[in-house]
Amino acid sequence: MDGIHDLGGKEGYGPVPVSEGDAPFTHDWEQRMWGLAREGICPSITIDWFRHGLELMVPGDYLTFSYFQKWATNYLMLMVDAGQITLKDLERGYVLEPADPAKAKTVDQIVEQVRRACTDFSVPEDAPAHFAVGDTVRTLRQINHNHTRLPAYARDCVGEVIAHHGCHLFPDEGAHNRHVGQHLYTVSFSAQELWGDDANPRDTVTLELWESYLVPA
Amino acid sequence: MSTFDSKHAAHLHRHIHSHLPSDPALRVKALESLAVEKGLIASETVDAWVEAYSEHIGPMRGAKVVARAWVDPEFKARLLADATEAIKEFGFEGNATGHLKAVENTDAQHNMVVCTLCSCYPFSILGMSPAWYKSAAYRARAVREPRAVLAEFGVDLPEEVAVRVWDSTAELRYLVVPQRPAGTEGWDKESLAAIVTRNSMIGTDRILQTGAA
């Protein structure tokens, strides 16, 4: 979707908050949000449905909310969407039918849980790869209306395939709970192709792009 | 079960926008209490996550990996060939590093990492990302004017050094391997790891300071 989340190359955002934004967390609630998200309080989501949920936020909120504020809002939406809680629960602030409490975990258990969460996103498919390292490719100009990972700044541009990763989970389908793979490539674009002749001719931007985002150039 | 219905999700977001206070502390408090009441998590488990990421999982992990690569050419070769496998030697694999790629800075090339579409980051090896990495300014500008962004971080990159910006659009995550600074010959791995900054492993720092060590 052509959403507000697609920030690459947009202008007018001012300086990067280098020193005032150095810490990963500045409020206690941010750390708690991180813990809640990592523990998987909404087990039916997929990684791409989570991302798509962020993209579907009210655009003004997306731009003005901080990162973890967006996450909190998204998780409330995701849990209502999944039927875990209701909008009435949210407005009331508590649930009418509490469940048995979850067992507490220790720090050691969490550290081990993180290690085991090393997820392989390869989804092998029989389809042959249409491109190979060294090929010149052009990205599509049009994208679908839902979740996709082809940013606006890199559409209808010509680049070179510099790596082929086999088939990976295709996010456009994964956002809708369909677990299908598609060939994934790293494509390098010259900065001048993306931004014009004023860019440094030595500079490049690379993106991971799925096969259906690409056509032969 | 999630609906996976985009229009429904957008509708729910509009409802939440109109009916709930936007104060993030209140929203997270509501989320935690509802999740606890539903038996999805214990509050002590949230505490444990906070401690895990403040004490055990952070950029010191990436720094150890970089220092090892500086002193051990065979490890460096393994790291550059398959970083996901290489960091298993440290037990550092995990969240968001299932497809980790290490990219090496050279005299001719500087590497810099961004995620323009969300804020993807190799959590299990670098911990939680700094706030600036998640800012709209960094996400918008890193791909378009990396040299101006680097200058804001105090990195004055010569014109002839090429910049390669890696936009993390899939599940690959990147670890920049900064150059070992001159004057550190003979240092042990611990001393070397201590000078590797988090920003240098994201690519917004380049010349590491050897300090008084």
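Before I look at any pairing between strands, I note that two strands pair if DSSP finds at least two bridges between them. I also note that the model is predicted.

Entry: Which residue in β3(B) is the bridge partner of A:T206? I found that this partner is B:W166.

**Entry: helices across the chains.** I read first that two packed helices are described by the angle between their axes and the distance between the axes. I then listed who meets whom: A:Q31, A:R32, A:W34, A:G35, A:L36, A:R38 and A:E39 in α1(A) meet B:T45, B:V46, B:W49, B:V50 and B:Y53 in α3(B). Sorted by class, this contact holds 6 nonpolar, 3 polar and 3 charged residues.

**Entry: the whole contact between the chains.** I next asked how many residues of chain B are in contact with chain A. I found that 87 residues of chain B are in contact with 102 residues of chain A. Several elements of chain B each supply at least two residues of the side that touches chain A, among them α1 (6–19), α2 (24–37) and β3 (162–167). On that side of chain B I noted 44 nonpolar, 25 polar and 18 charged residues.

**Entry: chain B by itself.** I noted 11 helices and 4 strands in chain B, and its C-alpha trace spans about 60 × 35 × 35 Å along its principal axes. Of the 213 residues of chain B, 52% count as buried.

**Entry: one loop residue.** I went to A:D156 and found this residue in the loop between β1 (136–139) and β2 (158–169) of chain A. Is A:D156 buried or exposed? A residue counts as exposed if 12 or fewer other C-beta atoms lie within 10 Å of its own, and A:D156, with 10 C-beta neighbours inside 10 Å, therefore counts as exposed. Leaving aside its neighbours within four places in sequence, I found A:D156 in contact with A:R138, A:T139 and A:R141. I also noted that A:D156 and A:R116 are 40 residues apart in sequence and 39 Å apart in space, C-alpha to C-alpha.

Technical notes. Residues numbered from 1 in each chain as written. Chains lettered and ligands numbered in written order. Predicted model: local features only at pLDDT ≥ 70, side-chain atom pairs only at ≥ 80, totals over all residues. Contact = placed C-beta atoms within 7 Å. Nonpolar A, V, L, I, M, F, W, Y, C, P; charged D, E, K, R; others polar. Buried ≥ 20, exposed ≤ 12 C-beta atoms within 10 Å, placed from the backbone.
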